[in-house]
Amino acid sequence: MKFTLSWLKDHLETDATLDQIVETLTALGLEVEGVEDRSKELKPFRVAHVVSAEKHPDADKLRVLVVDTGTEKLQVVCGAPNARAGLKGVFAPEGAYIPGSDITLKKGVIRGVESNGMMCSERELKLSEEHNGIIELPEDAPVGVAYADYAGLGDPVIDISLTPDRADCAGVRGIARDLAAAGLGRLKPLAAEPVKGAFASPFGVTIEAPDACPMYVGRYFRGVKNGPSPKWLHDKLVAIGLRPISALVDITNFITFDLSRPLHAFDADKVKGGIVVRLAREGETLPALNGKEYPLDPSMTVIADHERAEALGGIIGGEASGCTETTVNVFLEAAIFDTVRTAQTGRKLGIESDARYRLERGVDPAAVVSGMERATRLILEICGGEASDLVIAGEEPQWRRTLTLRPGRVAALGGVDVPRDEQTRILIDLGCEIVGEDVDGTLRVVPPSWRADIHGEADLVEEVLRIHGFDAIPATPLPRDSVLTRPALTTKQRRVGLAKRTLAVRGLSEAVTWSFMASPVAALFGGVGEGLTLVNPISADLDVMRPSILGNLIQAAGRNADRGHADVGLFEVGPAFRKPSPDGQDLVAAGIRAGNAVPRHWAEKARGVDAYDAKADAMAVLEAAGAPVTNLQVTTDAPGWYHPGRSGVLRLGPTVMARFGEIHPTVLDTLGVKGPVVGFEVFLDAIPLPKKKGGTGRPLVQLSPFQPLERDFAFVVGKDVEADKLIRAAKGADKALVKDVTVFDVYQGTNVEEGKKSVALSVTLQPTERTLTEPEIEAIGQKIVAAVAKATGGSLRS
C-alpha cells in the first residue's frame, strides 16, 4: 500500500516529521517497506521550452532542437516523434543520471551534430512505461522550475506492508486513523453530506445472487465531460505508481486508495436496460479492460445488463462498457461482494486488481453509500453534469456485535498496566463505541464497521497494546528450571537436519516444492484419500495434497533436463499425505537421481543411475537417523510407481522404513520426463527411537589390535533366494567375530544345477581378545555354512 505524505495529511492534522511517522507506523504493525523521495532522484531535471525544431541534416527521424532551460539556450538532438517548436517538456542537462535508462548523460555528437542534454519521456524518468514521445507539459508550465516541484513529485512516497486482516488500512484514511489514535495528530472529519439527486435514475438494479452481493448502490450521471484529471488528482496517482487514464477512471481509483472503497464506472450508453447482479452462465465470457478475454462459470459473480455480462463483480470491468473520452452518461457502482467468492474467482482467472485486493479482505460494509457520495461530489466537481437519485438494492450486512473487555485483562495478557482511561481513549479513537459498563467494571464495546478482524476480548486487548506501544511491554525472561540448558530439539526433530545433511553430502541438491500437486499426477502415486482435495487451490494445477514427494521432484528434474541439465540429484524432506488427519501424513525424506551416475569424463566410463544408487541414498539416511540398518530386510513389494523388477522395500519386521528403486517408465512418460530416474522415500517417523540404557558409558567403536582375516564361501541356492538372506545368516553365525559380509559373485550356468545359482560371499572375521587358531577358524566356517544352509536350504559349492 503506497501513499504520499501530503495525501496522509489530507486526513491527518499533524506536525510530526516524516521519520516520526515512519517509526510510528512500524510500531503500529503497519510495517514500512520503504520511503521514496523522488525529488532527490529528479533534482537535475527542469521544465524547458522548445524554441525551435529543425530537421537533422543527416537523419530523417531526428530533430535539432533549441531548448530554453530558463538559464540558457542549448542545442539538443531528439528523435521523439512529438518533438516540435513551442512544446514544453522536461530537460535533463549534461551530467544528469537518467533513472529509467540507467545512464549518465554526456555531451555528445549525433550524426555530426552536437547535442547537449536531452528531452525526456515518462519511462526515462520512471513515471510510467510510456516511451512513444517526450513528456508534454501545459503551456503555463514555468520554464526553469525543477520538474519534481512542478509535478508534485517532491512529496515522499511511503510504502507499507499490510497483513490480510487490516483491510481498513488499504485506504489512506485507515492509516491516518491509526496514527491519530497513537497520538501523532488529529483525524480530520470526513465530509459526507449527501448529494441531492436531480432526477430519477433510468437504470434499475436487480440482485439475483444475494449471497454473492448483499448490497449494491448505483447512481446515474448525465452530461459529464470525461477529460484529463486535474493536476492534484493526476499527481497523487502518478506518485503511487498508477497511470492516469481519464477523470472518471481516476476518480474511482482515487476513492479506492483514499477510503479503501472500490468503485466502478460504466458508460451508461453501452449498458442495455439496467443492472443485474447474478452468477455467470456456463460458457459465458468477458472481454475485460486489460485486453484479455476470460471464460466464466457459475461460481463467479458478474455485473450484467439485460443482454450480457459487463463486469466481474469486485475484480475487473468489461471492455465493452468501459468509459472513454466520448462518454457523456455514466452509471457508477459501489457494492459489497462475498469475500471468498471474490478470492476464488481472482485466483481461478489469475487476475490481480486493486479492487480484488480490498474486496476479498472485506471492506467497510457501512461505507457503501458514503463512498458513493464522496465520488459523486468529485465527479460533479471535475466532470460536471447532473447526478440522479441513489439506486439501492439489497441491504447493509449486519456488522454490529457487542464484545466485553475487562480492563485487568490488558495487564494479564499483555504484561503492561495501561490505565483504564487510556484504554477507553484508544478504543474510541480507533472507532469503537463504548455502549455500557457492568457493575464489575467490565466494558461493553462495539467494534467499528471497518474492523471485521476484532472478534473477542483478546482482540480488544491487542488493539490497546498495539496503540499503547509494544515497546512498552517489559522484557521478562522465562524461569529456568536448572543451570543446564535442555536440548532445543527432540530426537525426531533432529532427524530432519541429519537427513538433509546426509543427502547433501551425497551430492543431492535440496528442493522445496509445494505440498500440493495436480490430481492427475497424484493418481500416478496412489491417488489421494477423501478430504485431500483443496476447496480453494492457489492454482488449478495444484488442487490436491501430495501423496508422495517424488512426483514434484520428478517434474523438477524434467524442467532441469529441458534447460540442458539432464544429470541431476534432488531431495526434499517434508510431509506426504494419506488422509485428512494428524496421523494421515508421513514425514518423508525423498530424493531422485536422473541421467548419469558418473559425470562424463575421459578416465571414467559413463553409467546411468540404477536402483542401487537409490538404495544407497536410503540406507545412508536411515543410518544417520539411527535406524538399525543391520537388521533391515529387503522385500520386492514396492508400490506401482516403481519398476517392479528394479525396486525394493526396506523393512524392520512388518514396518516399512523406506522404499527405493527405478521409477516406472509409464510414470515418466506421463510426466514427460526422460529416464532413467531412480528414487527413494524414507519414512522418518517410522524409525524407532533409541532405547535408554543404564550403566556406564562405553566407546561406540572398539578398535582391535589383532589382524582381521577374510574367508570366501560359495553357496548353491535356489535362483529366487535373495542374497540378503545369505548375508544375514552369515552375520548371525557368530555376531562377536563376523564383522562384515559382502557378495562378490553370482553365477548361473555350467556346473550349476538348473534352477540354482552360486552366490559367493566374502566374510571378514575380526578377533578382539587374541589371534584365532586354525581349528577355531575352521569351526567358525562350519557355523557359517550351517547357518546359511538352515536359512536358505543351500549348500556349500564343491
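Predicted model: local features only at pLDDT ≥ 70, side-chain atom pairs only at ≥ 80, totals over all residues.
Colleague: Is Glu463 buried or exposed?

Modeller: Glu463 sits in helix H13, and Glu462 is found in that helix too, within residues 457-468. Glu462 has a relative accessible area of 41%, so that one counts as partly exposed. For Glu463 the value is 5%, and buried means under 20%. So Glu463 is buried.

Colleague: Leaving aside neighbours within four places in sequence, which residues is Glu463 in contact with?

Modeller: Contact here means heavy atoms within 4.5 Å. With those sequence neighbours set aside, the partners of Glu463 are Ile426, Leu430, Arg451 and Ile454.

Colleague: Over to the open sheet of 4 strands: which strands stand at the edges?

Modeller: Its strands pair antiparallel, in the order E40-E41-E39-E42. An edge strand has a single partner, so one side of it is left without a neighbour in the sheet. That picks out E40 (738-747) and E42 (795-796).

Colleague: What is the bridge partner of Val716 in E42?

Modeller: E39 (residues 709-718) and E42 run antiparallel and are joined by 2 bridges. In E42, Val716 has as its bridge partner Ser795.

Colleague: At about what angle does helix H20 run to E39?

Modeller: Helix H19 (residues 723-733) lies across E39, E40 and E41, at about 150° to E40. Helix H20 (residues 774-792) lies across E39, E40, E41 and E42. Relative to E39, H20 runs at about 25°.

Terms used
Residues numbered from 1 in each chain as written. Heavy atoms only, no water. Buried < 20%, exposed > 50% of the residue type's maximum accessible area, 1.4 Å probe, protein only. Pairing = 2+ DSSP bridges. Axes fitted to C-alpha atoms, helices over the stretch in contact; angles between N-to-C directions.
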